[in-house]
Amino acid sequence: MEVCYQLPVLPLDRPVPQHVLSRRGAISFSSSSALFGCPNPRQLSQRRGAISYDSSDQTALYIRMLGDVRVRSRAGFETERRGSHPYIDFRIFHSNSEIEVSVSARNIRRLLSFQRYLRSSRFFRGITVPSSSNILDDDYNGQAKCMLEKVGKWNFDIFLLDRLTNVMVQEDYHSHNPYHNAVHAADVTQAMHCYLKEPKLSKSLTPWDVLLSLIAAATHDLDHPGVNQPFLIKTNHYLATLYKNISVLENHHWRSAVGLLRESGLFAHMSLENRKLMESQIGALILATDISRQNEYLSMFRTHLDRGDLCLEEAEHRHFILQMALKCADICNPCRTWELSKQWSEKVTEEFFHQGDVEKKYHLGVSPLCDRQSETIANIQIGFMTYLVEPLFSEWARFSNTRLSQTMLGHLGLNKASWKGLQREQSSSGDDTDPAFEEMDSDVLPQETRLS
């Protein structure tokens, strides 16, 4: 069966009309804080105390730099007053030449995959559509089939698949985002697929677990605006207000996924109770990708491993491991081969710097890691690997000590050494130009041995 995860675009430059929320089946604004995944102020300090602003821990500091910005008042954590900053239109990120798609065309294509859309367009243009039992169109069958046969391999090249088939970019993952787009979602889903095949998981997971994991991976950044949570908070964006500055993007991705599933009717045959359970568990998986909660999850994971009390026969423990797996999949780029990892590093830094440029333009204060004048890809990546990636994947290797885990740690070490080499090269030359941007396609390390 071909499944297309798509959702109507909710513009980020104005509040969401109530009738849209009702039509899409989105969760009501009056839902409880527990349902939104937003704790009350009293719970907040307990849940996120590991990332206090008073902490001197470097890892916690780096996590805060990436996204943990909270607004404190005497009453606790609250949203800022609206209107204290200039209005920010997210479209300033994008080219004016962006093609406008009519509402009718968008509504039709929302429920069609790229391949099915091609078939329908040929039919309406009077072009004979050859009968075929293949899932993919005949045009792409050979190339895509060859690529997808390798989807379970860790060195799978998601960029090549995107170039060959053009089926990755879906409407509700914004292709103008350098990093948070449909290719990233596909990459995370492919990584999740690899983790689900690991011996400890493959023999313990139920079909329900696998289904939820892949849906969560595919939708974990749905409708990402291309800026981080601090930007949404300091520009008084309605999403920050709606989610009370807590896991703003992750809550939005989850609600978008819920709207998608409800509108598609994909699981309409299931009971209401099971659909609600599915939505809740998908939400718990997506919310776990909030980078500001990294220490919280990592601490729980390490404690379980130290005690040796993880039992995958218990649904609660399986779900926790799937949360950790999705966290790994979400930030696994440094664990890919250098050729792939370097491309991802360049893309995420480009997105950071775009945000920094806008913050400078509107005198908002440039967010950490977003200033192209003072940051380099090498510096950002070395910090990211040291404080976030290495601790997480070291614990994952303790849980699942397999060839794949060792391969990921091996690539991580090589890639970190490569960025340090670029960093030294830049320092010795005294040139402010980032070598990684100067030669986007250069090979710094020899091609690593590809593992089958």
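Which hand does the crossing of H11 and H15 have? The crossing of H11 and H15 is right-handed. A crossing counts as right-handed if the near helix is turned clockwise from the far one by less than a right angle, and left-handed if anticlockwise.

**Before you go on**

This is a predicted model, in which local features need pLDDT of at least 70 and side-chain atom pairs count only at pLDDT 80 or more, while totals for chains, interfaces and linings use all residues. Residues are numbered from 1 along each chain as its sequence is written, and side-chain values use heavy atoms, with hydrogens and water left out.

Colour the chain by secondary structure. There are 21 helices and two strands. Both are DSSP runs numbered from the N terminus: helices are H or I with at least four residues, strands are E with at least two. Of the 452 residues, 52% count as buried. Buried means under 20% relative accessible area, exposed means over 50%, and partly exposed lies in between (1.4 Å probe, protein chains only). Among contacts in the chain with a separation of 6 or more, 74% join residues 24 or more positions apart. Contact means heavy atoms within 4.5 Å.

**Stop 1: H11 and H15**

Select residues 207-219 for H11, then 272-287 for H15. Their axes lie 9 Å apart, and the helices pack at about 55 degrees. Axes are lines fitted to C-alpha atoms, for helices over the stretch in contact, and angles run from 0 to 180 degrees between N-to-C directions. H11 and H15 are therefore oblique to each other. The cut-offs are under 35 degrees for roughly parallel, over 145 for roughly antiparallel, 65 to 115 for roughly perpendicular, and oblique for the rest.

Now show side chains. On H11, the contact uses Trp208, Leu211, Leu212, Ser213, Ile215, Ala216 and Thr219. On H15, it uses Asn274, Leu277, Met278, Gln281, Ile282, Leu285 and Ile286. By class, this contact has 10 nonpolar, four polar and no charged residues. Ala, Val, Leu, Ile, Met, Phe, Trp, Tyr, Cys and Pro count as nonpolar, Asp, Glu, Lys and Arg as charged, and the others, Gly among them, as polar.

Stay on H15 and pick Met278. Met278 is buried, at 2% relative accessible area. Beyond residues up to four places away in sequence, Met278 touches Trp208, Leu211, Leu212, Phe267 and Met270.

**Stop 2: two loops with positive phi**

Most residues other than glycine have a negative phi. Select Asp223, in the loop between H11 and H12 (229-234). Asp223 is not a glycine, yet its phi is positive, at about 65 degrees. Asp223 is buried, with a relative accessible area of 3%.

Next, select Ser247, in the loop between H13 (238-242) and H14 (248-264). Ser247 also has a positive phi, about 45 degrees, without being a glycine. Its relative accessible area is 1%, so Ser247 is buried.

**Stop 3: Asp290**

From Ser247, move to a residue that touches it: Asp290. Asp290 sits in the loop between H15 and H16 (294-307). Is Asp290 buried or exposed? At 3% relative accessibility, Asp290 counts as buried. Its side chain makes a polar contact with the side chain of Ser292, at 2.8 Å. A polar contact is a pair of N or O atoms within 3.5 Å; within protein, one must be able to donate a hydrogen and the other to accept it, and residues adjacent in sequence count only if both atoms are side-chain atoms. Leaving out residues up to four places away in sequence, Asp290 touches Ser247, Glu250 and Lys327.

**Stop 4: H9 and H17**

Select 182-196 for H9 and 315-330 for H17. Their axes come within 8 Å and cross at roughly 135 degrees. That makes H9 oblique to H17. The crossing is right-handed. H9 contributes His184, Val188, Ala191, Met192, Tyr195 and Leu196 to the contact, and H17 contributes Leu322, Ala325, Leu326, Cys328, Ala329 and Asp330. These residues divide into 10 nonpolar, one polar and one charged.

**Last stop: Ser299**

Finish in H16 with Ser299. Ser299 counts as partly exposed, at 38% relative accessibility.
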